[in-house]
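Me: I would like to work through this model with you, one topic at a time. Could we start by putting it on the screen?

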Amino acid sequence: MKVTVDAGICAGFSVCLGVCPEVFELHEDGYAVVRVVEVPPEHEDAVRQAVSQCPSNAIALDEDAG
Ligand code: SF4
């Protein structure tokens, strides 16, 4: 599974960081970035949760990659 954040859409609500800080972190400019593009299996459920809870729909998932 691969995950990306569209920095142009992200509004920095930090919901994703709260759900899965192992994968998401906040850039100093106030938007989220991914720490690991390839999501470790143990964090896949949390990343799916972050996707569904992101208020901006800024997180893209590729379930088939990796
Ligand atoms: S939850 Fe969405 S809008 Fe908020 S920081 Fe994460 S990617 Fe950005």
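This is a predicted model: local features need pLDDT of at least 70, side-chain atom pairs count only at pLDDT 80 or more; totals for chains, interfaces and linings use all residues.

**Ligand, cavity and loops**

Me: Which residues come nearest to the ligand?

Reply: Cys10, Phe13, Ser14, Cys16 and Cys54 come nearest, out of 14 residues around the ligand. Residues are numbered from 1 along each chain as its sequence is written, and side-chain values use heavy atoms, without hydrogens or water.

Me: What classes of residue make up that shell?

Reply: The shell around the ligand has eleven nonpolar residues, three polar ones and no charged ones. Asp, Glu, Lys and Arg count as charged, Ala, Val, Leu, Ile, Met, Phe, Trp, Tyr, Cys and Pro as nonpolar, and the others as polar.

Me: What space does the ligand take?

Reply: The ligand takes the space of the largest cavity (more than half of its atoms lie within 2 Å of the grid points). A cavity is a set of points on a 1 Å grid over the protein atoms alone where a 1.4 Å probe fits but cannot get out, and lining residues have an atom within 4 Å of a point.

Me: How many cavities are there of 30 Å³ or more?

Reply: The count comes to one. The largest cavity has a volume of about 100 Å³, a volume being the space filled by probe spheres set on the points. Its lining has 16 residues, and Cys10, Phe13, Ser14, Cys16 and Cys54 are the closest to its centre.

Me: Which element gives the largest share of the lining?

Reply: Helix H1 (residues 15-19) does, with three residues. Helices (at least four residues) and strands (at least two) are DSSP runs. By class, the lining of the largest cavity divides into 13 nonpolar, three polar and no charged residues.

Me: What about Asn57: where is it?

Reply: Asn57 is in the loop between H2 and S4, and has a positive phi of about 50° without being a glycine. Asn57 is exposed, because its relative accessible area is 61%.

Me: Is Ser56 buried or exposed?

Reply: Ser56 is buried, because its relative accessible area is 19%. Ser56 lies in the loop between helix H2 (44-53) and strand S4 (59-62). Not counting residues up to four places away in sequence, Ser56 touches Ile9, Ala11 and Phe13 (contact means heavy atoms within 4.5 Å).

Me: New topic. What does His43 touch?

Reply: His43 is in contact with Cys20, Glu22 and Val23, leaving aside its neighbours within four places in sequence. The place of His43 is in the loop between strand S3 (32-34) and H2, and His43 is buried, at a relative accessible area of 16%.

Me: Last one: what separates Asp6 and Ile59?

Reply: Their C-alpha atoms are separated by 6.5 Å, although the two residues are 53 residues apart along the chain. Asp6 is in the loop between strand S1 (2-5) and H1, partly exposed at 39% relative accessible area.

Conventions:
On a 1 Å grid over the protein atoms alone, a cavity is a set of points where a 1.4 Å probe fits but cannot get out, and a pocket is an open set with protein on both sides within 12 Å along at least five of seven lines; lining residues have an atom within 4 Å of a point. A residue is near a molecule or strand if one of its heavy atoms lies within 4 Å of it. Buried means under 20% relative accessible area, exposed over 50%, partly exposed in between (1.4 Å probe, protein chains only).
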